[in-house]
Structures are given as structure tokens and as C-alpha cells.
Amino acid sequence: EVNVDTGADSKEQYVYIGPTLPSGQLKCNSVFIGTAEEIKEALKKVIEKYPLVEKMIVPVSELAQKKQKVKTAGTIYNKFYHDIESAAAAEVKGV
């Protein structure tokens, strides 16, 4: 018997480490399973509205390290988090 590799093993678990977005668009710590391309496609509308969301979707294998960077002032992940938060707050206010 021969098993044909369909590439299914290239699917990974990813976690969104940015702030929860308004109107249930995307929650912090949401887990996704798939390839990076599949996840970007699934979140296309959210990424169009908040482009930095794409940078806040990290492989589970890097979760602890990246979460720490989100909490650390001066890191790029901390800046992305606050930039998304500001954009979301502006949306809620209808700016």
C-alpha cells in the first residue's frame, strides 16, 4: 500500500494574539488550523480592514515567545497590538 502525501501535514495551528475586534470579527487567542494561506483567505475581510492582524497570527510553536513580546513595550508586536486596538476603537466610535 502506498500513501500519497497530499500535503495535509503542512497544516499548522496558529493563534491570533492581537486585541479582540469589535462586532465579533476576531477574538484574542482564536486558534486556526490550516496553512498560513488558508487562514489569510478565511480572514480576508478582517485583514483588509485591519492589515496588521495578519502579523498577529503566529504558529502555536511560537506562542509563548510572541505573547511575551506583545506585553513588552518597545517591541514591534506591542506596537502592532496597540495600533490594531486604536483602529478598532476608532471603528466603534464611528470615526
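1. Both Y77 and F80 are buried, buried being under 20% relative accessible area, exposed over 50% and partly exposed in between (1.4 Å probe, protein chains only). A search of the whole structure turns up one aromatic pair. That pair is Y77 with F80, edge-to-face, at 6.1 Å centre to centre and 75° between the planes. Rings of Phe, Tyr and Trp (its six-membered ring) pair if their centres lie within 6.5 Å; planes under 30 degrees apart are stacked, over 60 edge-to-face, and the rest tilted. The two residues are separated by about one helical turn because Y77 and F80 are three residues apart in helix 4 (residues 76-93).

2. This is a predicted model, in which local features need pLDDT of at least 70 and side-chain atom pairs count only at pLDDT 80 or more, while totals for chains, interfaces and linings use all residues. Residues are numbered from 1 along each chain as its sequence is written, and side-chain values use heavy atoms, with hydrogens and water left out.

3. On confidence, the protein chain averages a pLDDT of 90, and 89% of the residues score at least 70; pLDDT is the predictor's confidence in each residue, from 0 to 100. Among the elements of the chain, helix 3 has the highest mean pLDDT (97) and helix 1 (residues 36-42) the lowest (93). Over residues 3-8 pLDDT stays under 50, and the model has zero contacts there beyond four places in sequence. A contact here means heavy atoms within 4.5 Å. Where pLDDT is low, the predicted coordinates should not be read in detail.

4. On the overall fold, the protein chain has four helices and three strands, in the order β-β-α-α-β-α-α along the sequence. Helices (H or I, at least four residues) and strands (E, at least two) are DSSP runs, numbered from the N terminus. Of the contacts in the chain with a separation of 6 or more, 52% are accounted for by residues 24 or more positions apart. Buried residues make up 33% of the 95 residues. The chain exposes about 6,200 Å², of which carbon and sulfur atoms supply 54%; accessible areas come from the Shrake-Rupley method with a 1.4 Å probe, and for residues only the protein chains shown count as cover.

5. The largest nonpolar core has 22 residues, and those with the most contacts inside it are Y16, L21, L26, V53 and M56. Strand 1 (12-16), helix 2 (44-49), strand 3 (57-59) and helix 4 are the elements that give two or more residues to this core. Helix 4 gives the most, with five residues. A nonpolar core is a set of buried Ala, Val, Leu, Ile, Met, Phe, Trp, Tyr and Cys residues joined through side-chain atoms within 4.5 Å.

6. What does M56 touch, leaving aside its neighbours within four places in sequence? The contacts of M56 are V15, Y16, I17, G18, V70, Y77, F80, Y81 and I84. Both members of the aromatic pair, Y77 and F80, are therefore among the contacts of M56.

7. L63 lies in helix 3 (residues 63-71) and, at 23% relative accessibility, counts as partly exposed. Not counting residues up to four places away in sequence, L63 touches V15, I17 and V58. The C-alpha atoms of L63 and V15 are separated by 7.3 Å, although the two residues are 48 apart along the chain.

8. The structure holds five salt bridges, each a side-chain nitrogen of Lys or Arg within 4 Å of a carboxyl oxygen of Asp or Glu. One of them joins E38 and K11, with the closest N and O atoms 2.8 Å apart. E38 lies in helix 1 and K11 in the segment before strand 1, so this pair ties together parts 27 residues apart in sequence. E38 is partly exposed at 38% relative accessible area, as is K11 at 39%.

9. Another salt bridge is formed by the side chains of K40 and E54 (3.3 Å, N to O). K40 lies in helix 1 and E54 in the loop between helix 2 and strand 3, so the pair ties together parts 14 residues apart in sequence. K40 is partly exposed at 36% relative accessibility, and E54 is partly exposed at 35%.

10. K49 and E91 also meet in a salt bridge (3.2 Å, N to O). With K49 in helix 2 and E91 in helix 4, the pair ties together parts 42 residues apart in sequence. K49 counts as partly exposed at 47% relative accessibility, and E91 is partly exposed at 29%.
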